[in-house]
Amino acid sequence: FFFKINYTKKMDVDKILNLERRTGIKDSDIGDFVDKASKVQQAIKDMLDGKINPEDVKIEGIETEEEKEEKERLRLERQKQLAEKNAQIQIKRKQEEIDRWWAGVELFKPAAPTDTVTEVGEENLRDPKEIIKARYSFEYSRWDRWLPNDEATKAEEEEKEKQLNDIKNKEFEKQNPEFCSQFLSDVEKRQQSVAKKQESSDISRLKGNRYFKARNFERALELYMEALKESPYDPKTLLNIAQVHIKTKCFEDGLEFTKRTLYLEPKNVKALSRRAFVLCEMKRLPEATEAILQALKLEPDNADLIALQKEIQIMQKEVRDEAEVASLLANDAAKPATSFEAIHRLKRQLADLNASGISESVGDEHSEQMKAISQAVRELLFSQHSGDSEAVTKGRTLFRTAGTLQEAAQYFQLLMKWELTAGKDGGVTSACLLQYAAEVARLVASMADEQRSSKASLVDLKLVSAAKALLLRSERLLSFADKAELELLAACAHLLLVCCRDDCCVKTRAAVLGDRPLVTAVGALLGDLSSWLGDCKDVAAVASSLLLVHDCVSILKALAFSDFAKPSEPSDNAGPAKTTALNAGCVVCSLGSAAASMRLLSKGWQLRARATVELAVEALLGLSRHEAFRGFFAVPLPGHGCSSVGVLLQAMASEAFQQDVVFCSNCLACLMNASLEAGTGTGTHPASAIRDEIVRAGGTDMLLAALQLSEVDRAKAVAAGGGNLLSRKAGLLSRLAPAAPVQQALLSPAAYRALCRRLAPPPPSDGDDDDKWIADERSHLVRVLACLGAPVVSAFSSSARCVCLADVAQIALEEALVTSLLSLFPRPREDCGLVTPQTVTLMPAQPAPAVLLGNAARCLMPLADMPACAEQLYGTHKKYQDLLGVEKLICAMATCGDMRVRKNIAILLAKGCKVGGGAVRDKISLFRGMQMMLELQDKL
């Protein structure tokens, strides 16, 4: 039936012929396509017949090159307009945010303390004479208007006013219960809303801190601004936003947010410091000086503020120098013709060569120009060593301001480009180019010295990058035989060294010391040079190599005493901080090799080599402060048969350095730091390996010899300035004391007696700082004796070389060891010349460090078990009661906050109760020792 209906349905012919309905293609599109096809066909026919030129054919829909260029131009113009519009919108929004913040800040700014005075009274008068005159005048009308100004009366008035307000509030709440209930509810909701906003603000701010540490400043700024929306007047958030703007070089915005912070907290030192830094970067030096002085008034001892003040002073001096140079240039009569004209002449020569040196290779036409430039460079280098320091400074200023520095940087890069292709097309040789480049690098380094702005320009002009590239490819460039190559590397190293000095800005120092591959390359180059110098016979090559070694060691020394030597913190998910690991082993071993090689050079080079060895030891001292470097002091040095530890000990024992107190003191300090127990160094070379290496290299014998010096020899050493040296030897001995061979050597009767003798209290002095080494030496030796506390008891009869129990008691009695140890505890305070149970718990006049007290208590523990020593310690005999042993122990337990020290003293007091019987027990109870131990029994 269905089929029959469809079959009999009338057919619609129009729908069948409607192609648009059937295919989805419009009739107009089909017509356009047919027209285009016809035009193309006709154009092809005309071209075949020669009627038209193929290049003149314009087919619709196919763009010509001119049309493409016009379309691209319009697109870029629209893009530029859109960017300008967006920039205007951003500026408008920023200004609206600034206006909105400052419009509401008065409601949130904390009220400043008011220094108001009463209308009539002595408080209004500033002059003391006027105050006395008003006090004794006969104007009795003042009495009716008198207002109290003493604290007691003010407190009474405030209490009365408070009570009156409480009564009024209760009466009002009683009469308006609904209003008060609603009001309190609104206040609570408002407080909850404020607390929620503050919590959200803190969360965003802390997230921003994580991104900031990961150096993802863009994301950190977004989070800080989110926190600012929730809490617009939070000084912490404002200060963080200012720091982000400083890091991203948006100094105007940074200045705005430091201004906001200081409006809320005028005494915020961080805000003042950052404001001073921003103003310094913006060259607004008078305002920067004012800000830094305000900060220094609040924190005079802040090292960062002092460093920033010095930096501002350097910039001010440079500004003054520039003004003086400009005035000299304007006055031809006062102008120093020699240096000024030479700098201008060199600039013209460099500019001419740089303009003509666009070719890829150097030719003969450039040879004469480069020879003239070389002569001018040498003349300027010679003028830098003239005696007139003021003229040298002005010349360096002109070198930067006249544009000669920029031309020299461009010329150096041009020489390096030509050096890569030198010799292929004839012309100037590679050696000549390297020599010219070395001369320019040394001139630039000399002109930039003591010029902070010039050093910053070296980074901006990419001259530092060029010098770094040369050192990084030194393995390819350096053959250790070509004098020109050595001189160029030495000049580049000196240029980088100039950028590492303390008077440089952070950006300049970071460009060198923050480049870890570069520092590693400097270490590798130093190690190769040190190995090569021993076999080199060429005098010129040795001279150039010594300069290069000296500058490489100086760079590593600058690294060692900077924050760049610290290991980089691993980044979290907040944003990856891509840093390259510093090859600590390469740096330490290269310095050790340099010290070993320089010490073995022939006599003709000893003076320069000695300075290099001293620099290398200072660099090792700086590196030993960081845990990541310590373990590598025990690594054997290639070609030397010992480690850096052995090199230091050998240098101290050599004839050239054994009388140098400062050098030996630095070596000992370096060994002390490297053998620190807390810093285990690396997994393969822990602190115990450093100690074993020192013992193996003969360090124990040297230290014991210093301990057993006679009084005459000791007095001679102190007179020669060796007091600090003796103290550091004692310090190194305390680091080595846990090692078994050292303990065995210390337990010999002679060494043990010398140790006890050195612990004797020194004669009273006038408190001069020169005698501070005596207290340090005693502190170190107490630690040595504390390490021997347990081994002494266990080794009494285990070895014939060690002291026995009877010997210990005898030596302790003969050398008054108990008296020496008790003298380390501070004397308790007295009342009418007597120590009482009340004064024993007071802080002594000269408290001692907790570490010293703990070690002294450990030293007394084995002695407390010996009857003869116990009599002195606890004062059970009348002649020992003046030592105040029990009183000093109880005073130390009462005033020292370290629980380990209290535990050691509690053990000593318990032993006293056992050894001394009732008399000692009663004495401890009298001075509240029992009460203290009962109160601390859970912690003890």
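This is a predicted model: local features need pLDDT of at least 70, side-chain atom pairs count only at pLDDT 80 or more; totals for chains, interfaces and linings use all residues.

Student: What about contacts between residues 24 or more positions apart?
Tutor: Such residues account for 70% of the contacts in the protein with a separation of 6 or more, a contact being heavy atoms within 4.5 Å.

Student: Now the helix pairs: how do H43 and H46 cross?
Tutor: The axes of H43 (residues 850-864) and H46 (residues 899-916) come within 9 Å and cross at roughly 25°. Axes here are lines fitted to C-alpha atoms, for helices over the stretch in contact, and angles run from 0 to 180 degrees between N-to-C directions. H43 and H46 are therefore roughly parallel to each other, given that angles under 35 degrees count as roughly parallel, over 145 as roughly antiparallel, 65 to 115 as roughly perpendicular and the rest as oblique.

Student: Which residues of H43 and H46 meet?
Tutor: On the H43 side they include Leu853, Ala857, Leu860 and Met861, and on the H46 side they include Val901, Ile905, Leu908 and Val915. The residues of this contact divide into 11 nonpolar, 2 polar and 2 charged, with Ala, Val, Leu, Ile, Met, Phe, Trp, Tyr, Cys and Pro counted as nonpolar, Asp, Glu, Lys and Arg as charged, and the others, Gly among them, as polar.

Student: What does the contact of H22 with H24 look like by class?
Tutor: Helix H22 (residues 463-472) and helix H24 (residues 483-498) pack at an angle of about 135°, with their axes 9 Å apart, and that makes H22 oblique to H24. The contact involves, among others, Leu463, Val464 and Lys468 of H22 and Leu488, Cys492 and Leu496 of H24. By class, the contact of H22 with H24 has 11 nonpolar, no polar and 1 charged residues.

Student: And how do H36 and H39 pack?
Tutor: H36 (residues 723-736) and H39 (residues 772-787) pack at an angle of about 15°, with their axes 8 Å apart, and they are therefore roughly parallel to each other. Among the residues making the contact are Asn724, Ser727 and Arg735 of H36 and Trp773, Asp776 and His780 of H39. The residues of the contact of H36 with H39 divide into 6 nonpolar, 6 polar and 4 charged.

Student: Switching to cysteines, how many disulfides are there?
Tutor: The count comes to 0 disulfides, a disulfide being a pair of cysteine sulfur atoms within 2.5 Å.

Student: Is cysteine 913 buried or exposed?
Tutor: Cysteine 913 is buried, with a relative accessible area of 12%, whereas cysteine 432 counts as partly exposed at 28% relative accessibility.

Student: Where does cysteine 832 lie?
Tutor: Cysteine 832 lies in the loop between helix H42 (817-822) and H43, and it is exposed, with a relative accessible area of 77%. Cysteine 832 also has a positive phi of about 60° although it is not a glycine. Most residues other than glycine have a negative phi.

Student: What about lysine 249, what is its phi?
Tutor: Lysine 249 has a positive phi of about 65°. Lysine 249 sits in the loop between helix H11 (235-247) and helix H12 (251-264), and is exposed, with a relative accessible area of 53%.

Student: Last one, which residues is histidine 344 in contact with?
Tutor: Leaving aside its neighbours within four places in sequence, histidine 344 is in contact with Leu329, Leu398 and Ala402. Histidine 344 belongs to helix H16 (residues 337-356) and counts as partly exposed at 29% relative accessibility.

How values were computed
Residues are numbered from 1 along each chain as its sequence is written. Side-chain values use heavy atoms; hydrogens and water are left out. Helices (H or I, at least four residues) and strands (E, at least two) are DSSP runs, numbered from the N terminus. Buried means under 20% relative accessible area, exposed over 50%, partly exposed in between (1.4 Å probe, protein chains only).
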